[in-house]
Amino acid sequence: MVYLNTPIDMNGFEPVDNRPLSPGQYIAEIRESTIKDNKAGTGNYLELEYVVTDGEFKGRKIWQMITLKHSNPVPVQIGANQLKAIGHAVGYAGTIKDTMVLHNKKVVIVVADDGEYNGCLLYTSDAADEEDS
């Protein structure tokens, strides 16, 4: 048993829905980006946090990992292609030196579910069209 120094009143608290997002398309924005080392210590990746901005799941978050540095060049190339697709979706055509150019711009993400995790598969710049319909 653990004694809590500060009692927590459980009245008025709504349970948090942490179920994975259903597969489908969502309008979202990148709100956070962080570079982290991979588990093997052989490289690093960019972790992007998307926040769904519309619909039933508004406010829910989904994360994506994009390989930046690795001993194998294939995941690095895949990561570069993913970043290019995101840049295109947000309307950025220059060289990405700072991920802030990707933040707070609406994109449509396609979410897939592999049974254990959600994942972003595709990014389109159709977010403005989606909002208008």
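A search of the whole structure, which is a predicted model, finds 1 cavity of 30 Å³ or more. The space inside this largest cavity comes to about 40 Å³, and 10 residues line it, with Ile30, Tyr50, Ile86, Val90 and Val107 the closest to its centre. Two elements, strand S1 (24-37) and helix H1 (73-89), each give two or more residues to the lining of the largest cavity. By kind, the lining of the largest cavity is made up of 8 nonpolar and 2 charged residues, with no polar ones.

The chain has 2 helices and 5 strands, and, read from the N terminus on, its elements run in the order β-β-β-α-β-β-α. It holds 133 residues, of which 30% count as buried. Among contacts between residues at least 6 apart in sequence, 47% join residues that are at least 24 apart. The accessible surface of the chain comes to about 9200 Å², and carbon and sulfur atoms account for 53% of that surface.

From the surface we can turn to the interior. In soluble globular proteins, nonpolar side chains tend to be buried together. Here the largest nonpolar core has 19 residues, and those with the most contacts inside it are Leu21, Tyr26, Leu48, Tyr50, Ile86 and Ile109. At least two residues of this core come from each of S1, S2, S3, H1 and strand S4 (107-113), while S2 gives the most to it, with 4 residues. Tyr50 and Ile86, named here for their contacts in the core, are also among the residues closest to the centre of the largest cavity.

Which residues does tyrosine 26 touch, once its neighbours within four places in sequence are left aside? Tyrosine 26 is in contact with Leu21, Val52, Phe57, Val107, Val108, Ile109 and Val111. Of these partners, Leu21 and Ile109 are, like Tyr26, listed among the core residues with the most contacts inside the core.

Is arginine 60, a charged residue, buried or exposed? Arginine 60 counts as buried because its relative accessible area is 17%, which falls under the 20% limit for that class. Its place is in the loop between strand S2 (44-52) and strand S3 (61-69). With its neighbours within four places in sequence left aside, arginine 60 is in contact with Asp17, Asn18, Arg19, Pro20 and Leu21, and also with Tyr50, Val51 and Val52.

Lysine 84 counts as exposed because its relative accessibility is 57%, which is over the 50% limit. Between lysine 84 and glycine 94 there are 9.6 Å in space, C-alpha to C-alpha, and the two are 10 residues apart in sequence.

The last feature to visit is an open one. The second largest pocket has a volume of about 160 Å³, and its lining is formed by Asp37, Asn38, Lys39, Asn44, Tyr45, Met65, Ile66, Thr67, Lys69 and His70. S2 and S3 are the elements that give two or more residues to this lining, and the largest share, 4 residues, comes from S3. The lining of the second largest pocket divides into 3 nonpolar, 4 polar and 3 charged residues, whereas the lining of the largest cavity has no polar residues.

Notes:
Residues are numbered from 1 along each chain as its sequence is written. This is a predicted model: local features need pLDDT of at least 70, side-chain atom pairs count only at pLDDT 80 or more; totals for chains, interfaces and linings use all residues. Side-chain values use heavy atoms; hydrogens and water are left out. Buried means under 20% relative accessible area, exposed over 50%, partly exposed in between (1.4 Å probe, protein chains only). Contact means heavy atoms within 4.5 Å. On a 1 Å grid over the protein atoms alone, a cavity is a set of points where a 1.4 Å probe fits but cannot get out, and a pocket is an open set with protein on both sides within 12 Å along at least five of seven lines; lining residues have an atom within 4 Å of a point. Grid points are joined across faces, edges and corners, and a volume is the space filled by probe spheres set on the points. Ala, Val, Leu, Ile, Met, Phe, Trp, Tyr, Cys and Pro count as nonpolar, Asp, Glu, Lys and Arg as charged, and the others, Gly among them, as polar. A nonpolar core is a set of buried Ala, Val, Leu, Ile, Met, Phe, Trp, Tyr and Cys residues joined through side-chain atoms within 4.5 Å. Accessible areas come from the Shrake-Rupley method with a 1.4 Å probe; for residues, only the protein chains shown count as cover.
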